[in-house]
Amino acid sequence: MKRGLSAAKVLCHDHVALGVMCLDTSMRWYNSVLGMTPYMDKHPQFRDDSLAMVKAGEAVFALLKIPEGRGPLEGCRSSKGHAALRVTHKEVRRLYRDLPQILSENRAREGQNVEVEAQDYGAQLSLFFYDPDGNELEVCAWVADDEPVRFV
């Protein structure tokens, strides 16, 4: 590092941007599955035909309309990334039980992946799943390694 320069003093992440095919469909899905509600929807810089913001707690997603003739990103978790939302240990266990049905009941299009992958990383319990456009999402809870109650 050069003298006189310092790294950015980051406070927290601000938002996650995700490409979607239909803003209205995605806004309904994010509300029904993750309880996210419109955010900054009266501000013309943050809500128009190509952008919608949704929020739950401190988590904010910018939903970006994928241009005509283009499709959602394809690939695996390592190549296209994912967005993770922190929940409580109690909530991740509830979602372990309920999320498959929630996803199935909120299927937005034919062929939509509604599978849930559970991972117990020891210090973190995670559930991975997809939105209607194939964006991978994760809900996770940090727990003590010796926590006696896991997913089951």
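Lys65 and Glu68 pair up through their side chains in a salt bridge, at 3.8 Å from N to O; the term stands for a side-chain nitrogen of Lys or Arg within 4 Å of a carboxyl oxygen of Asp or Glu. The model is a predicted one, so local features need pLDDT of at least 70 and side-chain atom pairs count only at pLDDT 80 or more, while totals for chains, interfaces and linings use all residues. Numbering runs from 1 along each chain as its sequence is written, and side-chain values use heavy atoms, with hydrogens and water left out.

As for accessibility, buried means under 20% relative accessible area, exposed over 50%, and partly exposed in between (1.4 Å probe, protein chains only).

The salt bridges number six. One of them joins Asp24 and Arg47, at 3.5 Å from N to O. That pair links distant parts of the chain, 23 residues apart: Asp24 sits in helix H1, and Arg47 in the loop between strand S2 (37-39) and strand S3 (51-56). Helices (H or I, at least four residues) and strands (E, at least two) are DSSP runs, numbered from the N terminus. Both ends are partly exposed, Asp24 at 44% and Arg47 at 26%. Another bridge brings Arg94 and Asp98 together, with the closest N and O atoms 3.2 Å apart. These two are four residues apart in helix H3 (residues 89-105), so about one helical turn separates them. They also belong to a salt-bridge network that links Glu91, Arg94, Arg97 and Asp98.

Next come the aromatics. Three aromatic pairs turn up, counting rings of Phe, Tyr and Trp (its six-membered ring) with centres within 6.5 Å; planes under 30 degrees apart are stacked, over 60 edge-to-face and the rest tilted. Trp29 and Tyr30 have ring centres 4.9 Å apart and planes at 80°, so they meet edge-to-face. Tyr30 and Phe61 are edge-to-face too, because their planes lie at 85°, with centres 5.6 Å apart. Since Tyr30 lies in helix H1 (residues 23-34) and Phe61 in strand S4 (residues 59-65), this pair ties together parts 31 residues apart in sequence. Trp29 is buried at 2%, and so is Tyr30, at 0%. Trp29, Tyr30, Phe61 and Phe129 make up one aromatic cluster.

Disulfides (cysteine sulfur atoms within 2.5 Å) come to zero. Cys12 has its nearest cysteine sulfur, that of Cys140, 16 Å away, which is too far for a bond. Cys12 is exposed at 59%, whereas Cys140 is buried at 5%.
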